[in-house]
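Please open the model in the viewer and keep the sequence panel at hand.

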Amino acid sequence: MTDNHTHSNKLGIGIFLNLLITALEYGAGFLSGSLVLVSDASHNLTDVVSLIVASVAEKVSKRKSNQQKTYGYARATILGALLNTVLFFLLALYVFYEAYNRLRNPSIVSSNIIIVVGFVTAVFNGFMAFVFSHDKKDLNTRGVFLHQIYDTISSVGAVVAGILVYFTHNPIFDPLVSVMIGLMMLSGGWNLAKKTLHILLEGVPEDINAEEVKQSLLNLPHVKKIHDLHIWSLSSHFVSLSCHIVIDDSKELSGFQICRSAKKLLEDKYRITHTTIEIEITDCEGEVCEIESHHK
């Protein structure tokens, strides 16, 4: 409960501080004529949206299951992460569009304002990325973390662009650095999208090897065969498994005992706690002669 409350506080503080830094950068960007600062301000604005989405998704995911939503709302955080990837792509397209216009028609920018404001926002965004770095295993929070990381990089890019403009008196570096920032955002958004879609498509969690799990189950006493093995996750922390375990006709262990051993193995070795296992006896003729089922 304390961890959840602390995480909610992080999201609330993040929303408030990002609103302040966004207002500062928009003002400085329009004042200096810098696309880098306006782009970074827009990214900070999407950070506010992503933080709000993360906060709402986290609260929704805590709702209890019901007859219509038997698994509960755990997948709300994954939908939140998916929305964050969309924000990444939209922002990158906006940056490319503005950079294209600036490259065609370069405009004078105030390098001093870019350097000062870029440095201040880089420090702020770096601090916020550090705050969320401890929770980035959750895909929803990882989306927020990535937003802050790319904000930090874009703010550093703003400082670099300001320095180059200051020494060369050439405003073209402002849109050029913006393009580089846009490309990095596309890369980050694509990586997050792949992880999110993998979960939505019921893929095996990345830190679990399905073949290894199958072999571990086969090594249990009296287990002859494993089939219909499925491993998937509802969210970053909710992994489920279902399978059929075929055992021999030995009377040393009952199907219930073998099922209990399998569940303990899965929980202790792979941290899979939500399992549905069906036990089948091998000495059957015809279709089915004996089935013992145990569900958890």
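In this predicted model, begin by selecting helices α7 and α8, which are oblique to each other. Helix α7 covers residues 210-218 and helix α8 covers residues 255-270. The two pack at an angle of about 140°, and their axes lie 10 Å apart. An angle over 145 degrees would count as roughly antiparallel, and this pair is therefore classed as oblique. Viewed as a crossing, the arrangement of α7 and α8 is right-handed.

Next, display the side chains at the contact between these helices. On the α7 side, select Glu-212, Val-213, Ser-216 and Leu-217. Their counterparts in α8 are Ala-262, Leu-265, Leu-266, Lys-269 and Tyr-270. Colouring this contact by residue class shows six nonpolar residues, one polar residue and two charged residues.

Then turn to the cysteines. How many disulfides does a search of the whole structure find? The search finds zero. Select Cys-243, which takes part in no disulfide. The nearest cysteine sulfur belongs to Cys-259 and is 8.3 Å away, whereas a disulfide requires the two sulfur atoms to be within 2.5 Å.

Select Cys-259 as well; this residue is likewise in no disulfide, and its nearest cysteine sulfur is that of Cys-243.

Conventions: Residues numbered from 1 in each chain as written. Predicted model: local features only at pLDDT ≥ 70, side-chain atom pairs only at ≥ 80, totals over all residues. Heavy atoms only, no water. Axes fitted to C-alpha atoms, helices over the stretch in contact; angles between N-to-C directions. Helix = DSSP H or I, 4+ residues; strand = E, 2+ residues; numbered from the N terminus. Parallel < 35°, antiparallel > 145°, perpendicular 65-115°, else oblique. Left-handed = near helix turned anticlockwise from the far one by under 90°. Contact = heavy atoms within 4.5 Å. Nonpolar A, V, L, I, M, F, W, Y, C, P; charged D, E, K, R; others polar.
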